[in-house]
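Dear colleague,

Please find below the structure that I am handing over to you. My notes on it follow directly after.

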Amino acid sequence: MSTLRMTGDLRRQLILSAAKRCFARNGFAGTTTKSVAAAAAISEGLLFKHFPSKAALYAEILAEECEADPDFAHLLGQEPSTATLVELVKGMVGHFMEVSDGSDQEEAQRLRLMTTSHLDDGEFARLLYDKIGGLIGPVFTASIESAVAAGDAARIGSDPLNLFWFAHHTVLMSALTRLPAVPCLSYGNAADLERQLCQFILRGIGLTEAAIASHLDGELSPNSGQSVAAESA
């Protein structure tokens, strides 16, 4: 039985490796499950036993990339606290602002794909939200509870995970307005925008002014969000 499970795990990794090569070479739109199956030297039917769709394959690859990122893993390994909560928000804001400034075309394309999915059948967006929620949700919600217990935040509503999604949607839309070559909106100085977004989100999720002043100090690093929520796009 263990041998069968190992064989299944190895085959799954083989499919993912083949899919990474196909996506890197042809992009998401130019890759098909048939081409991935051929690259993995398996039948398309066998591929579907492991991944029900191309979107599921792509979402799994993005999740693996997040889990393999040492900075991301370090942040998710922090003890739940007000400081961890602020770092998560700063990282998410920084990541989306970096994507929208055009410095990472691959991430920008993923953001476009995520947006298009919302207007189509939603499959890719649902899969990616599920992956993001599974990775970041537990640390975020535990840090919210820790901040409330420490008197650093007021409780907002009955489902703290919703606060994460509200924050995510805020920065996602902010990034989309800056994604075209000629931005839909001009928010002004990028560093000021990051700070303003962080303050807006932290207040919205219930943090006190004292906690924000204590933990959101100094200028945000231009690369502060490079490793966090990549996936979110």
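Predicted model: local features only at pLDDT ≥ 70, side-chain atom pairs only at ≥ 80, totals over all residues.

The largest nonpolar core comprises 66 residues. Leu-57, Phe-124, Ile-205 and Leu-207 have the most contacts inside this core. Its greatest contributor is helix H8 (residues 123-149), which supplies 11 residues. Both domain 1 (8-52) and domain 2 (61-217) provide at least three residues each to this core. Neighbours within four places in sequence set aside, Leu-57 is in contact with Ile-15, Leu-16, Ala-19, Phe-23, Val-36, Leu-47 and Phe-51.

Helix H6 covers residues 82-100 and has 19 residues. From first C-alpha to last, H6 reaches 27 Å, close to the 27 Å expected at 1.5 Å a residue. Of the 19 residues in H6, 17 are buried. Its N-terminal end is capped by Ser-81, with a side-chain oxygen 3.4 Å from the backbone nitrogen of Ala-83. Just after H6, Gly-102 adopts a positive phi of about 85°.

Helix H9 (residues 160-178) has 19 residues and reaches 29 Å between its first and last C-alpha, close to the expected 27 Å. At the start of H9, a side-chain oxygen of Asp-159 comes to within 3.1 Å of the backbone nitrogen of Leu-161.

Finally, the structure contains zero disulfides. Cys-184 is exposed, with a relative accessible area of 57%, whereas Cys-198 is buried, at 0%.

Yours sincerely

Terms used:
Residues numbered from 1 in each chain as written. Heavy atoms only, no water. Disulfide = S-S within 2.5 Å. Buried < 20%, exposed > 50% of the residue type's maximum accessible area, 1.4 Å probe, protein only. Core = buried A, V, L, I, M, F, W, Y, C linked by side-chain atoms within 4.5 Å. Helix = DSSP H or I, 4+ residues; strand = E, 2+ residues; numbered from the N terminus. Domains from an automatic or database assignment. Contact = heavy atoms within 4.5 Å. Expected span 1.5 Å × (residues − 1). Polar contact = N/O pair within 3.5 Å; in protein donor to acceptor, adjacent residues only side chain to side chain.
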